[in-house]
Amino acid sequence: MHEPYVPKEAIGHGDGGSAALAIGEAESLERRPGAAPPGAGPPGAGPPAGPLGKPRSLWSDAWHDLRRNPVFVLSALVIVFLVVIAIWPQLIATGNPYRADLAKAQQGSQPGHPFGFDTQGRDVYTRVVYGARASITVGVCATAGAALLGSLLGGLAGFFGSWSDTLLSRLADIFFGIPVLLGGLVFLSVVTGTTVWPVVGFIVLLGWPQISRIARGSVVTAKQNDYVQAARALGAGNGRMLLRHIAPNAVAPVIVVATIALGTYIALEATLSYLGAGLKPPTVSWGIDISAASTYIRSAPHMLLWPAGALSITVLAFIMLGDAVRDALDPKLR
């Protein structure tokens, strides 16, 4: 004979317990032998889940929103495609970007050459594909350098304050006062080279102050939270508080600004190359090709439209990605 089911809450609660015990006995008589108690779930299952699931962190919540944002999905697919062809351009372009045939100079689209030829008879399609490598390399490396340098200086200044904060603010003001294009023309006329690194160095030099101000403000806000004060009261050192408590909660604004700035840096590289101060031939760059085709816009517009279109799509994709990340990480925009 099966023992009656007695709920735990019916034990030791006076008259209310007696009433609950009577209800439990009635339920036990109605159940089939061997049936599970009410609310116990299927055999072998654990305890029932609570009404509220496990709370998501800021990053998991942001990823949950980003996956459902068509702007993020579209821009991410475009960026992944651009990164792939920047690493392996031969996947979609089997030609040589330096091979010239003067007999085909400025000719339009032909079978096997959908974008036509430039003034030296080089295949425009192949050069557009190979030009992604320089632009993506400059954008990614410059953004990573500016973000690391700006986050380090701004984070330390915001955490320690005092004279270091004042020194960083005044130094950032000096760099903010330098016009970007004029500074690029002067800097790159002195520091020349056939690689992308002088351009990357210049962008990092003028790009870190913006990141440092964002990082400083985030750290100043984060270090005033109660959990940071509790960690300090428990004897946590400065390094532990920075790495374990402040940095994870202050890095989101830096990521947003850096993502948007990446597209801006790609456009800046193309502008400097167009003016002759950025990348130099024989490097294949969209800016170089746009500069060479600008004087032939009437007679051969295809030479200008294809590299300019690739540049515009790339910059737009990164800016759209940054906007989507900002919307997902900023609680005020929810």
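Helices here are DSSP runs of H or I with at least four residues, numbered from the N terminus, and by that numbering Thr 283 lies in the loop between H9 and H10. The model is a predicted one, and its secondary structure comes to 11 helices and 0 strands, so that reading along the sequence gives the pattern α-α-α-α-α-α-α-α-α-α-α. Of the 334 residues of the protein, 37% count as buried, and among contacts with a separation of 6 or more, 67% are accounted for by residues 24 or more positions apart.

- Pro 281 and Pro 282 are joined by a cis peptide bond, with omega at about 10°.
- Thr 283 has a relative accessible area of 16%, and because buried means under 20%, Thr 283 counts as buried.
- When its neighbours within four places in sequence are left aside, Thr 283 is in contact with Ala 134, Thr 194 and Ile 288.

**Helix H10 and what covers it**

- Helix H10 is largely enclosed by the rest of the structure, because 6 of its 8 residues are buried.
- The buried residues of H10 are Trp 286, Gly 287, Ile 288, Asp 289, Ile 290 and Ala 293, and Ile 288 is also one of the residues in contact with Thr 283.
- The cover over these buried residues of H10 includes H4, H9 and helix H11 (302-329).

- Helix H4, which covers residues 124-160, has 37 residues and reaches 53 Å from its first C-alpha to its last, a span close to the 54 Å expected at 1.5 Å a residue.
- After H4 comes Gly 161, whose phi is positive and near 65°.
- Gln 106 is partly exposed, with a relative accessible area of 27%.

**Aromatic residues**

- A search of the whole structure finds 6 aromatic pairs; in the pair made by Phe 159 and Phe 160, the ring centres are 5.0 Å apart and the planes stand at 90°, so this pair is edge-to-face.
- Within that pair, Phe 159 is buried, with a relative accessible area of 7%, whereas Phe 160 counts as partly exposed, at 48% relative accessibility.
- One aromatic cluster is formed by Phe 115, Tyr 125 and Trp 306.

**The crossing of H6 and H7**

- The axes of helix H6 (residues 180-190) and helix H7 (residues 197-222) come within 11 Å and cross at roughly 140°, an angle that makes H6 oblique to H7.
- The contact between these helices is made on the H6 side by Val 180, Gly 183, Gly 184, Phe 187 and Leu 188, and on the H7 side by Pro 198, Val 199, Phe 202, Leu 205 and Leu 206.
- The crossing in which H6 passes H7 is right-handed.

Notes. Residues are numbered from 1 along each chain as its sequence is written. This is a predicted model: local features need pLDDT of at least 70, side-chain atom pairs count only at pLDDT 80 or more; totals for chains, interfaces and linings use all residues. Side-chain values use heavy atoms; hydrogens and water are left out. Helices (H or I, at least four residues) and strands (E, at least two) are DSSP runs, numbered from the N terminus. The expected span of a helix is 1.5 Å times one less than its number of residues. Rings of Phe, Tyr and Trp (its six-membered ring) pair if their centres lie within 6.5 Å; planes under 30 degrees apart count as stacked, over 60 as edge-to-face and the rest as tilted. Buried means under 20% relative accessible area, exposed over 50%, partly exposed in between (1.4 Å probe, protein chains only). Axes are lines fitted to C-alpha atoms, for helices over the stretch in contact, and angles run from 0 to 180 degrees between N-to-C directions. Angles under 35 degrees count as roughly parallel, over 145 as roughly antiparallel, 65 to 115 as roughly perpendicular and the rest as oblique. A crossing is left-handed if the near helix is turned anticlockwise from the far one by less than a right angle, and right-handed if clockwise. Contact means heavy atoms within 4.5 Å.
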